Amino acid sequence: MSYTSICSAQDWFYVHRVDGKPVVYPLAAFGVSSLSGRVIGLVVDNSLGMGTEKMPALISVPPAMDGRYKHRGELTDAELSAAGIFR
């Protein structure tokens, strides 16, 4: 996928639930999809590459996940904890 523009997403997260517990992904950036024109949250994936040459890459939040974007100030205590952030 390609993007027409990308901007930093400091203090933004994508939150969804698995078995009632929050799963929180820190966003690295927001991108505007060149295909749909929609704004998509981008996260870092460290698993791409060949052999021992793993290179971090930005990938979109999987569209099948039923979650939402939240700013750090909107996260509940449980979501903060899941993200490894403590008040």
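Me: Buried means under 20% relative accessible area, exposed means over 50%, and partly exposed is anything in between. So is tyrosine 69 buried, exposed or partly exposed?

Reply: Tyrosine 69 has 29% relative accessibility, so it counts as partly exposed. Keep in mind that this is a predicted model.

Me: And what about tyrosine 14, buried or exposed?

Reply: Tyrosine 14 is buried, because its relative accessible area is 5% and the cut-off for buried is under 20%.

Me: How do the rings of tyrosine 14 and tyrosine 69 sit against each other, and what are the numbers?

Reply: The ring centres of tyrosine 14 and tyrosine 69 are 5.3 Å apart and the planes are at 65°, so the pair is edge-to-face. The cut-off behind that word is an angle over 60 degrees.

Me: Where in the chain are those two?

Reply: Tyrosine 14 is in strand β2 and tyrosine 69 is in strand β9. They are 55 residues apart, and the pair links distant parts of the chain.

Me: How do β2 and β9 pair, and over how many bridges?

Reply: Strand β2, residues 12–18, pairs with β9 in the antiparallel sense over five bridges.

Me: What holds strands of a sheet together in general?

Reply: Strands of a sheet pair through backbone hydrogen bonds, and the pairing is either parallel or antiparallel.

Me: Which sheet has β2 and β9 in it?

Reply: An open sheet of three strands, in the order β3-β2-β9, with antiparallel pairing. Its edge strands are β3 (21–26) and β9 (67–71), each of which pairs on one side only. Neighbouring strands of this sheet are turned by 35° against each other on average, direction ignored.

Me: What is the strand order in the sheet of four strands?

Reply: The order is β1-β4-β5-β8, in an open sheet with antiparallel pairing. Here the edge strands are β1 (3–8) and β8 (57–60), and each pairs on one side only. The twist from one strand to the next averages 35°.

Me: What joins β4 to β5?

Reply: Four bridges join them, and the two strands run antiparallel. Strand β4 covers residues 29–33 and strand β5 covers residues 39–45. To pick one spot, valine 32 has valine 39 in β5 as its bridge partner.

Me: Back to rings. How many aromatic pairs are in the whole structure?

Reply: A search of the whole structure finds three. One of the pairs is tryptophan 12 with phenylalanine 30, which is edge-to-face, at 5.8 Å centre to centre with 75° between the planes. Tryptophan 12 is in strand β2 and phenylalanine 30 is in strand β4, 18 residues apart.

Me: Which residues do the ring pairs link into a cluster?

Reply: Trp12, Tyr14, Phe30 and Tyr69.

Me: How do the lining residues divide into nonpolar, polar and charged?

Reply: The lining of the largest pocket has nine nonpolar, four polar and two charged residues.

Me: Now the whole chain. How many helices and strands?

Reply: The protein chain has one helix and nine strands. Along the sequence the pattern is β-β-β-β-β-β-β-β-β-α.

Me: What share of the residues counts as buried?

Reply: Of the 87 residues, 26%. As for extent, the C-alpha atoms fill a box of roughly 35 × 35 × 25 Å along the principal axes.

Me: Last one. Where is glycine 84 found?

Reply: Glycine 84 is in the segment after α1 (77–82). Glycine 84 is partly exposed, because its relative accessible area is 48% and exposed would need over 50%. From C-alpha to C-alpha, glycine 84 is 25 Å from glycine 31, and the two are 53 residues apart in sequence.

Conventions:
Residues are numbered from 1 along each chain as its sequence is written. This is a predicted model: local features need pLDDT of at least 70, side-chain atom pairs count only at pLDDT 80 or more; totals for chains, interfaces and linings use all residues. Side-chain values use heavy atoms; hydrogens and water are left out. Two strands pair if DSSP finds at least two bridges between them. Axes are lines fitted to C-alpha atoms, for helices over the stretch in contact, and angles run from 0 to 180 degrees between N-to-C directions. Ala, Val, Leu, Ile, Met, Phe, Trp, Tyr, Cys and Pro count as nonpolar, Asp, Glu, Lys and Arg as charged, and the others, Gly among them, as polar. Rings of Phe, Tyr and Trp (its six-membered ring) pair if their centres lie within 6.5 Å; planes under 30 degrees apart count as stacked, over 60 as edge-to-face and the rest as tilted. Buried means under 20% relative accessible area, exposed over 50%, partly exposed in between (1.4 Å probe, protein chains only).
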